[in-house]
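Have the sequence and the 3D view ready.

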Amino acid sequence: MKRDQALEVFSRLLAAYGPQHWWPADSPFEVMLGAVLTQNTSWRNVERALDALKRLTRLEAAAILALDLATLAATLRPVGYFNVKAQRLRAFCTHYQTAGGFAGLGSLETEGLRLNLLSVHGIGPETADDMLLYAFERPVFVVDAYTRRLFGRLGLLAESQGYEQIRRTFETALDPDVALFKEYHALIVRHGKQVCRTRPQCPACPLRGVCPTPLSGRREPRAATD
DNA sequence: TACCAGGAGAAAA
DNA sequence: TTTTCTCATGGT
């Protein structure tokens, strides 16, 4: 993918949807909690769980670790997978405390911090990159299912590419601009939710005609809002 | 009723 | 090494 193609998609999405103001949170720590809770879950339900957690205790690692696992899991019920996510949140809070909190983790250089976060049970590539970009403000491009689908259909990525390969593609094509990366990922998610289920071609799609010569052999879109 | 949502880890092949 | 299964509530 070339720089101008990546920027063309971004500018069209921004023009269509406007700034998304991500990540909605009161602190970097809340961003990180949200990153774990939103795994395969809609943000609306994450907000419910975070609100319930705030009503129960302070949004701090020590306070969350002071809760027994059953109470934590019950509080996280709205996000689904609540037993799994209660354990993941605990593992993260333990790691966060041991590492010296936000300042301790923030003292690491980006690749080191990424590996550090990936070593925590329950933090995979996407969750780690959410934290790096939106909590630590590092120029890391977040890749998710929407990114694969959208850019695969545009013919700008092969859908078989792995996470790291796709991440490098964006980070090579674009300047390491934190604000751009934040907005770009948010816009991809925003657009991904805008799925037209009724028509094979949506004339209103802001990305129509971005890539007139798609890769050969790629799958045709089921619904071409993207 | 069936499918999807801002994934990750464990188990099986 | 790659693929499949499991975790689970809430909205459409």
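Predicted model: local features only at pLDDT ≥ 70, side-chain atom pairs only at ≥ 80, totals over all residues.

Me: What percentage of the residues in chain A is buried?
Reply: A residue is buried if 20 or more other C-beta atoms lie within 10 Å of its own, exposed if 12 or fewer, and partly exposed in between, with C-beta atoms placed from the backbone. Chain A has 226 residues. The buried share is 31%.

Me: What share of the contacts in chain A with a separation of 6 or more joins residues 24 or more positions apart?
Reply: Two residues are in contact if their C-beta atoms, placed from the backbone, lie within 7 Å. Among contacts with a separation of 6 or more, residues 24 or more positions apart account for 66%.

Me: Which element gives the largest share of the surface near DNA strand C?
Reply: A residue is near a strand if its C-beta atom, placed from the backbone, lies within 6 Å of it. The residues around DNA strand C include Arg44, Arg77, Tyr81 and Asn83. Helix 3 (43-56) and helix 6 (82-98) each give two or more residues. The largest share, three residues, comes from helix 6.

Me: Which element gives the largest share of the surface near DNA strand B?
Reply: DNA strand B has 23 residues around it, and Gln39, Trp43, Gly124, Glu126 and Thr127 come nearest. Helix 9 (125-135) and helix 12 (178-193) each give two or more. The largest share, four residues, comes from helix 9.

Me: Are helix 2 and helix 9 roughly parallel or antiparallel?
Reply: Axes are lines fitted to C-alpha atoms, for helices over the stretch in contact, and angles run from 0 to 180 degrees between N-to-C directions. Angles under 35 degrees count as roughly parallel, over 145 as roughly antiparallel, 65 to 115 as roughly perpendicular and the rest as oblique. Helix 2 (residues 28-37) and helix 9 pack at about 160°, with axes 9 Å apart. The pair is therefore roughly antiparallel.

Me: Which residues of helix 9 does helix 2 meet?
Reply: On the helix 2 side are Pro28, Val31, Met32, Ala35 and Val36. The residues of this contact divide into eight nonpolar, one polar and one charged. The helix 9 partners are Thr127, Asp130, Met131, Tyr134 and Ala135.

Me: Which residues of helix 6 does helix 2 meet?
Reply: The axes of helix 2 and helix 6 come within 10 Å and cross at roughly 145°. Helix 2 brings Met32, Leu33, Val36 and Leu37. Their partners in helix 6 are Lys85, Arg88, Leu89 and Phe92.

Me: Which elements do the buried residues of helix 10 pack against?
Reply: Helix 10 spans residues 145-153, and Thr147, Leu150, Phe151, Gly152 and Arg153 are buried there. Gly155, with a positive phi near 80°, follows the helix. The packing partners are helix 11 (163-173) and helix 12.

Me: What is the phi of Tyr81?
Reply: Tyr81 sits in the loop between helix 5 (69-75) and helix 6. Tyr81 is partly exposed, with 15 other C-beta atoms within 10 Å. Tyr81 is not a glycine, yet its phi is positive, about 45°.

Me: Which residue does a cis peptide bond join to Trp23?
Reply: Trp23 lies in the loop between helix 1 (3-17) and helix 2. Omega of the cis bond is about 0°. The partner is Trp22.

Definitions and conventions. Residues numbered from 1 in each chain as written. Chains lettered and ligands numbered in written order. Nonpolar A, V, L, I, M, F, W, Y, C, P; charged D, E, K, R; others polar.
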